[in-house]
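Please look at the sequence and the structure first, then read on.

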Amino acid sequence: MRLGLFGGSFDPIHMGHLLAASEAAEVLGLDRVLFVTAAHPPHKTPVAPPEDRHAMVLLATLEDPRFEASRLELDRPGPSYTVDTLRAARALYPGAELFFITGADAYRDVLTWKEGGRLSEYARLVAVSRPGYPRPELPVPVDWLEVPEYGVSSSLVRARLRAGRSVRYLVPRPVEVYLEKQGLYRVP
């Protein structure tokens with residue numbers, strides 16, 4: 001099995017995440033893509049609680065049979081280190097060929113991650129970039145995956161919600177409904 005692990009804080013998940021995962025599945029021939037919600041990412045502090053972010057990932061991935069929301073980092077105490085997640089995935093899916101999918105901006109900082117230089121021992125790293133985005137040259141092997149630009153980010157979604165604006169077509173409809181019901185990101 002060729003298994004993708006798409007890590008992120010997903011604060012909140014949006015259509016750009018889904019597009020990147022779909023492109024990765026298609027181009028790399030992945031059988032499945034696990035969306036791994038970072039419970040306690042060491043390099044950033046998410047706005048929404050981990051369980052809310054995971055609930056939105058679950059809702060966003062329901063309609064695509066290639067996608068699955070994973071609790072790999074949510075059920076593990078402590079900081080959400082990628083190397084620990086990849087070791088856990090190796091134990092859970094023995095024999096699977098693992099691909100760790102991340103954004104080009106995150107890959108740029110990979111050497112600041114816990115054991116970042118060793119990640120390729122556990123999985124093929126895939127950095128998602130947009131056309132024209134600079135590709136840093138680091139001593140960590142990576143496959144670049146260029147995806148069409150969607151023009152959405154989690155920070156854009158949060159800013160629009162704080163301003164009382166619509167996020168329709170920026171997030172999947174079930175996520176939009178969840179955001180409305182929970183009132184997430186409305187208060188600055």
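The model is a predicted one, and 6 aromatic pairs are found in it. Phenylalanine 6 is buried, at a relative accessible area of 6%. Phenylalanine 35 is buried too, and its relative accessible area is 0%.

Tyrosine 107 and tryptophan 144 make up an edge-to-face pair, with 5.5 Å from centre to centre and 85° between the planes. This pair also links distant parts of the chain: tyrosine 107 sits in helix H4 (residues 104-108), tryptophan 144 in strand S6 (residues 143-146), and 37 residues separate them. Is each of these two residues buried or partly exposed? Tyrosine 107 has a relative accessible area of 2% and is therefore buried. Tryptophan 144, at 23%, is partly exposed, because the limit for a buried residue is under 20%.

| Residue | Relative accessible area | State |
|---|---|---|
| Phenylalanine 6 | 6% | buried |
| Phenylalanine 35 | 0% | buried |
| Tyrosine 107 | 2% | buried |
| Tryptophan 144 | 23% | partly exposed |

Ring pairs also build a cluster, which consists of Phe6, Phe10, Phe35 and Phe67.

The chain as a whole comes next. It contains 6 helices and 6 strands, and from the N terminus on the order of elements is β-α-β-α-β-α-β-α-β-β-α-α. The radius of gyration is 16 Å, close to the 16 Å of the globule rule for 188 residues, so the chain is as compact as a globular protein of that length. Along the principal axes, its C-alpha atoms fill a box of roughly 45 × 40 × 30 Å.

Of the 188 residues, 48% are buried. Among contacts between residues at least 6 apart in sequence, 67% join residues at least 24 apart. The accessible surface of the chain is about 9100 Å², and carbon and sulfur atoms account for 53% of that surface. Charged side chains number 23 positive and 23 negative, and the centres of the two sets are 4 Å apart.

Technical notes:
Residues are numbered from 1 along each chain as its sequence is written. This is a predicted model: local features need pLDDT of at least 70, side-chain atom pairs count only at pLDDT 80 or more; totals for chains, interfaces and linings use all residues. Side-chain values use heavy atoms; hydrogens and water are left out. Helices (H or I, at least four residues) and strands (E, at least two) are DSSP runs, numbered from the N terminus. The radius of gyration is taken over C-alpha atoms; the globule rule is 2.2 Å times the number of residues to the power 0.38. Buried means under 20% relative accessible area, exposed over 50%, partly exposed in between (1.4 Å probe, protein chains only). Contact means heavy atoms within 4.5 Å. Accessible areas come from the Shrake-Rupley method with a 1.4 Å probe; for residues, only the protein chains shown count as cover. Lys and Arg count as positive and Asp and Glu as negative; His and the chain ends are not counted. The place of a charge is taken as NZ of Lys, CZ of Arg, CG of Asp or CD of Glu. Rings of Phe, Tyr and Trp (its six-membered ring) pair if their centres lie within 6.5 Å; planes under 30 degrees apart count as stacked, over 60 as edge-to-face and the rest as tilted.
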